[in-house]
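Here is a briefing on one protein model. Please look over the sequence and the structure before reading on.

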Amino acid sequence: MAQKSTRSSKSLHTKITNLQKLKAFLSQTFIGSDKTQNVYNRITLISTLVFIAMGVYLFTVFHNDFEQFNADRRSSIIGLTFMITAGILFIFKVFYVIFMAYNYFKYRAVESVSDEELPTVTIIVPAYNEGKQVWDTLMSLSKSDYPQDKIQLLAIDDGSLDDTWDWMVDAKKQLGNRLEILQQPENKGKRHALYRGFNLGTGAIFVTVDSDSVVDQNTLRNLVSPFITDENCGAVAGNIRVLNNKKAMLPKMLDVSFVMSFEFVRSAESRLNSVLCTPGALAAYRNTAVFKCLPDWINQTFMGQPSDIGEDRAMTNMILKQGKHVLFQRNAVAYTNVPEEYPGLYKMFIRWGRSNVRENINMAKYVFTNFKNESKFGTRLLFISQFSRIIMTYPFVLFMLFFVLMHPLLFLGSTLLSILVTSTFSVLFYAHRYEIKESFWAYTYSILYTFGLFWIAPYAIATASRRGWLTRGLAEKK
């Protein structure tokens, strides 16, 4: 009897412990610790899951209507054409995702080479209206685990109207000869600030870092090591995470999005030697590859207008065109600030969208030529995936509006069900790599993007020739 009583006691204790663990998990997920104290964040996360559940319910209620809706579309030539096209794109997308997943699992970051093997580097930090953040950026770079005699650190103030220059001067006082600070006579844009840095640089490798980013101690050596192990490496993309994601909702969402964009997508692209964009926040370039395309890069135009956006994507595109490898280093991490409010977010996405249109057009001019000796299949597949999204933007937006008008509740249900299916991959990926409780922001981000940012792609296509950075005004700086 005593043994039975002991077993019962242990069983009860185990149940209590499991309940406590479950309570702790739910608390961390929906209430949070230091990272999710804001009550609005908790409400948003819970509302997101409730909203998706409501959508799934609506779809189950109207699934017969969904079948009838598809049947009606198949009865017309336009509807049938659209559905066949969508079906082909869906099959391609499934193949593409499987292909990318295969390459992701095959990806391995290059380990750091020895101090003796590390090349000389020129780090260029352009800054405009960045305030104290540029000081934080320069201090983080100065603490890098990299031979100091192999570093040239340049900070360039692009005609800031705030106290950015004062913070650069203070950094210069602390770092002495380790830092060189320069001022542009007027605001000419990030591309021109980088151009000045490229021409003054003495390093074998150019590293560009945004002035609102900070790096890990081992970031630099990890970032440039592929240039030593791969003689044909022309550029390397760093791994970008969100710096200001402690409380604000948008940065939390973007952090999950960035992890997917960099640690999954760019890992797979790197296996194909064809990362399509080296981010401005952290990237490295072989100096010979830069100088080979520098005149075209600084004088780049689109529809007769000088290009003042997308300098990172443009440089990457021109280096890929040379037949060089463009790789990604997951172990080279930089943390960057992102917009915390909707206007800043959509302006950033518009800039990215316009750059994407321009560079896909430029890529179309060479990607199907014999631009490199090795296999071009992977590069071409990446291009087709991106270009098909641009081509189908307007047809899908028109179809979506038609769907909304014809059957709004069915549209809501099917869309939310799609979000649940597609975003669960992002949730699981982020949870595997980092934290479960933060991964659920993937659902919220997908809802925001679907219902609040869907207009950006068609607008960016229609206004691709417009100039302007959009998100660098003093009024937007905190």
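This is a predicted model: local features need pLDDT of at least 70, side-chain atom pairs count only at pLDDT 80 or more; totals for chains, interfaces and linings use all residues.

Strand β1 (residues 121-127) is largely enclosed by the rest of the structure, because seven of its seven residues are buried. The structure holds zero disulfides.

- In soluble globular proteins, nonpolar side chains tend to be buried together.
- Phe198 touches Ile124, Phe206, Thr208 and Val290, among others, once neighbours within four places in sequence are set aside.

- Strand β2 (residues 151-157) pairs with β1 in the parallel sense, over seven bridges.
- Within that pairing, Ile124 faces Leu154 of β2, standing opposite to it.
- The path from β1 to β2 runs through helix α5 (residues 133-142), and this β-α-β crossover is right-handed.
- Strand β4 (residues 205-209) is also parallel to β1, joined to it by four bridges.
- Here Thr122 stands opposite Phe206 of β4.

**From β2 to β3**

- β2 runs parallel to strand β3 (residues 179-183), with five bridges joining them.
- Ala155 stands opposite Ile181 in β3.
- The chain passes from β2 to β3 by way of helix α6 (residues 164-175), in a right-handed β-α-β crossover.

**Helix α5**

- α5 is mostly covered, with nine of its 10 residues buried.
- The buried residues are Gln133, Val134, Trp135, Thr137, Leu138, Met139, Ser140, Leu141 and Ser142.
- The cover over the buried residues of α5 includes strands β1, β2, β3, β4 and β5 (213-215), along with helix α6.

**Cysteines**

- Cys277 counts as buried, because its relative accessibility is 16%.
- The sulfur of Cys293 is likewise too far for a bond: the closest cysteine sulfur, in Cys233, is 14 Å away.
- Cys293 is buried, at a relative accessible area of 5%.

**Asn103**

- Asn103 is found in helix α4 (residues 77-106).
- Is Asn103 buried or exposed? Asn103 is buried, because its relative accessible area of 3% falls under the 20% cut-off.
- A polar atom of the Asn103 side chain lies 2.9 Å from the backbone oxygen of Phe99.
- Beyond four places in sequence, Asn103 is in contact with Ser267, Ala268, Arg271 and Leu272.

**Phe62**

- Phe62 sits in the loop between α2 (39-61) and α3 (63-74).
- Phe62 is buried, at 18% relative accessible area.
- Which residues does Phe62 touch, not counting those up to four places away in sequence? They are His407, Leu409 and Leu410.
- Phe62 and Thr81 are 19 residues apart in sequence, and their C-alpha atoms are 24 Å apart in space.

**Asp162**

- Asp162 belongs to the loop between β2 and α6.
- Asp162 counts as partly exposed, because its relative accessibility is 26%.
- The Asp162 side chain reaches two backbone nitrogens: that of Glu130 at 3.5 Å and that of Gly131 at 3.2 Å.
- Asp162 and Thr288 are 126 residues apart along the chain, and 35 Å separates their C-alpha atoms.

Definitions and conventions. Residues are numbered from 1 along each chain as its sequence is written. Side-chain values use heavy atoms; hydrogens and water are left out. Contact means heavy atoms within 4.5 Å. A disulfide is a pair of cysteine sulfur atoms within 2.5 Å. Buried means under 20% relative accessible area, exposed over 50%, partly exposed in between (1.4 Å probe, protein chains only). Helices (H or I, at least four residues) and strands (E, at least two) are DSSP runs, numbered from the N terminus. Two strands pair if DSSP finds at least two bridges between them. A crossover is right-handed if, with the strands pointing away from the viewer, the path from the first strand over the helix to the second runs clockwise. A polar contact is a pair of N or O atoms within 3.5 Å; within protein, one must be able to donate a hydrogen and the other to accept it, and residues adjacent in sequence count only if both atoms are side-chain atoms.
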